[in-house]
Amino acid sequence: MSKLIGMDIGGTNIVCGLVDVQGSLIHKVKQPTEALKGSGYVFDKIGGMIDQLLRETNTPRTDVSAVGAGTPGFIDPERGVTLFAGNLKWTDIPTAEEIRRRTGIPTFIDNDVRMYVYGETVCGAAQGYEHVLGITIGTGLAAASVNRGHLFYGSRYMAGEIGHLIFPEQIPYTCGCGMTGCLETVASATGIARQARDLIRSGRSSVLREWFRDTSIESITAADVSKAYDVNDPVAVEVMNHTGQLLGRGLAYAVTLYSPDMIVIGGGGALAGERLFAPMREQLQQSVYSGYWERLTIAPARHIDDAGIIGSALAAGQRQAAMN
Ligand SMILES: [Zn+2]
């Protein structure tokens, strides 16, 4: 019983990995989620992916002590139920039981961002820090905190949704949650791309217009904005500065409430690196009491793609051990 399986069930892809008890990822498999085909279809697919993972690594099923899955949205980890996950279109789905029934392995679920930050805290960039605040910049923006090894959940497991802090004077966009001005409509990979497109549409000149002359500017991604930034494109520089500043202001609330000694930044949007982190740091420093700033370390995640798999595997291992 020396292995664990960790999973990241996202709106676009499911990634499933075999992890050892030290948190090293041994092998992973990935498939499109196809959430529109219904939760039963997705769980059957997960069962097949776990079979494939065991087969490809020659791992007997009896060697795996627990499966952990991180899923987006509001999760009840104690009952193993996905209460609401907008991008999977799941409401009150008994995710842990559905997976356990198809695999025969004890299964535990939790919110994907919490699992990502837990993974980075146990064996990533935040290892060794006692009070960790983590954010993931992806399709959306969310945070989690780990205090001396313990995840913070809040009432109804809803703590950490900093993507829905609103800045209505600076942010004109309406969010999927129904409010206008939510931080994640700009401070996300999606938001970075969207701001660049809107500036180009408003008539601003940009190298991106040249690069996307033959295709629609709709296909501009955050990675393209980073590339344009590197050739000093004024639109890209403005988008990164504006996004970084707003992220810094949002983080100021989180830093003041949680008093972390470490902020770890993950998700695909973290690949923007210093282009985004430099204006974010500058704004954060100006927006919090100096006592918080002086002892704060900020670093990108070590396992940008895999922290969620590692974290959910290790968390599941802990919970399974606690039951024995
Ligand atoms: Zn929102």
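Predicted model: local features only at pLDDT ≥ 70, side-chain atom pairs only at ≥ 80, totals over all residues.
Helix α1, residues 39–56, packs against helix α2, residues 95–103, at an angle of about 45 degrees, and the two axes are 9 Å apart. Angles from 65 to 115 degrees count as roughly perpendicular and those under 35 as roughly parallel; α1 and α2 are therefore oblique to each other. The crossing in which α1 passes α2 is right-handed. On the α1 side the contact is made by F43, D44, I46, G47 and I50, and on the α2 side by E98, I99, R102 and T103. By residue class, this contact of α1 with α2 comprises four nonpolar, two polar and three charged residues.

A second pair is formed by helix α4, residues 189–201, and helix α7, residues 234–258, which pack at an angle of about 135 degrees with their axes 10 Å apart. That angle makes α4 oblique to α7, since only angles over 145 degrees count as roughly antiparallel. The crossing of α4 and α7 is right-handed. From α4, the residues G191, I192, Q195, A196, L199 and I200 meet V235, A236, E238, V239, H242 and T243 of α7. The contact of α4 with α7 divides into seven nonpolar residues, four polar and one charged.

Helix α7 can also be checked for length. With 25 residues, α7 reaches 36 Å from its first C-alpha to its last, close to the 36 Å expected at 1.5 Å a residue. In the loop between α6 (222–230) and α7 lies N232, which has a positive phi of about 65 degrees although it is not a glycine. N232 has 9 other C-beta atoms within 10 Å, so N232 is exposed; the cut-off for that class is 12 or fewer. At the other end, α7 is followed by S259, whose phi is also positive, near 45 degrees.

Another residue of this kind is K89, a non-glycine residue whose phi is positive, near 60 degrees. K89 sits in the loop between β6 (81–85) and β7 (90–93). Its count is 13 other C-beta atoms within 10 Å, so K89 is partly exposed.

Strand β12, residues 262–266, includes M262.

The buried residues in α10 include A307, G308, I309, I310, G311, S312, A313, L314, A315, A316 and G317.

Definitions and conventions. Residues numbered from 1 in each chain as written. Axes fitted to C-alpha atoms, helices over the stretch in contact; angles between N-to-C directions. Helix = DSSP H or I, 4+ residues; strand = E, 2+ residues; numbered from the N terminus. Left-handed = near helix turned anticlockwise from the far one by under 90°. Contact = placed C-beta atoms within 7 Å. Nonpolar A, V, L, I, M, F, W, Y, C, P; charged D, E, K, R; others polar. Buried ≥ 20, exposed ≤ 12 C-beta atoms within 10 Å, placed from the backbone. Expected span 1.5 Å × (residues − 1).
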